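Okay, folks, let's talk about charged side chains today. Have a look at the sequence and the model, and then I'll walk you through the pairs.

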Amino acid sequence: MSGTAPSLRAHPRVPSDPVSIAFCSSSGLYSKTVPRLKGVAFPALSSVVSKDQENVGSGMKALRAVALLGAGVTGLLGFASVASADEAEHGLEAPNYPWPHSGILSSYDHASIRRGHQVYQQVCASCHSMSLISFRDLVGVAYTEEEVKAMAAEIEVEDGPNDEGEMFMRPGKLSDRFPKPYSNEEAARFANGGAYPPDLSLITKARHNGQNYVYALLTGYRDPPAGVSIRDGLHYNPYFPGGAIAMPKMLNDGAVEYEDGTTATESQMGKDVVTFLSWAAEPEMEERKLMGFKWIFVLSLALLQAAYYRRLKWSVIKSRKLVLDVVN
């Protein structure tokens, strides 16, 4: 191949070192040793590459931002759908109410327990049993012994057998349990359209968020929202799992006439009956709190005594100075 290679001169003002450069012309590929120019900046390929990398990096950042935004929106929608499904399956979460007996050293409102027992007798006892509570449990809590004896004598209890081997009916006494509205579960289901009214002895301990749940359930009846259909015999309550409950709304203003003259509003009756049910589930709560406070006080005194004894015994040992005589 023939042709003349283009000339390449070194910079006249800068000392140079020889360097071999390959270049291409229209006539072919040539290689020539030329001086290296020190201190002179040529347009480098690295600048072009860095610009491309900056463009690629900005594009990747935008892509990551879009991906994170999409993941956040997807997670939010997924959480909303899960929360909606959980609410439909387990019921609406009950709010927290300031119960007067929920404090560390707080006790039950015994007047409220008495009113709550009245609500249970007149409203709840026709369907719900409290098989773990005896009449004598009410003595000294909400009633006097004479009042409870008169209350127990109003019912008849099957007892026996007698000397002739027959069962007989007798008036109730303090040791008897609260009477059951139905003789067995089958009878209870038949009378309530297939639904079984649960025993209320431990209901505030047997349900999640017990006291708050029971109060919200009793006062939370609403008309079903648009798009929600409730079949005949059921009632809409958002706090009940599934939203459909067989028990109708039982607490209505003025449904009970309190003995102490308290106005029987829906919220007041709900608060009183939940207080009574809380006491039934934990009748030893006040004694437990008092015993715990006594133990904390005694252990605090023991801790102070132990700290003083430790300082008395070890202060001399910790502050003494030991001298080692290596000569003698």
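Predicted model: local features only at pLDDT ≥ 70, side-chain atom pairs only at ≥ 80, totals over all residues.

First, a word on exposure: buried means under 20% relative accessible area, exposed means over 50%, and partly exposed is in between, with a 1.4 Å probe and protein chains only. Residues are numbered from 1 along each chain as its sequence is written, and side-chain values use heavy atoms, leaving out hydrogens and water.

So, how many salt bridges does the structure hold? There are 13, each one being a side-chain nitrogen of Lys or Arg within 4 Å of a carboxyl oxygen of Asp or Glu.

Let's begin with Asp-176 and Arg-170. Their closest N and O atoms are 2.9 Å apart, and both residues are buried.

Next up, Glu-259 pairs with Arg-114 at 3.2 Å, N to O. Glu-259 sits in the loop between strand S6 (244-245) and helix H7 (266-281), and Arg-114 in helix H2 (residues 110-124), so this bridge ties together parts 145 residues apart in sequence. Helices (H or I, at least four residues) and strands (E, at least two) are DSSP runs, numbered from the N terminus. Glu-259 is exposed at 58%, whereas Arg-114 is partly exposed at 25%.

Then there's Arg-189 with Glu-185, 2.9 Å from N to O. They are 4 residues apart in helix H4 (residues 185-191), about one helical turn.

Last one: Lys-205, Glu-282, Glu-284 and Arg-288 are linked in a salt-bridge network.
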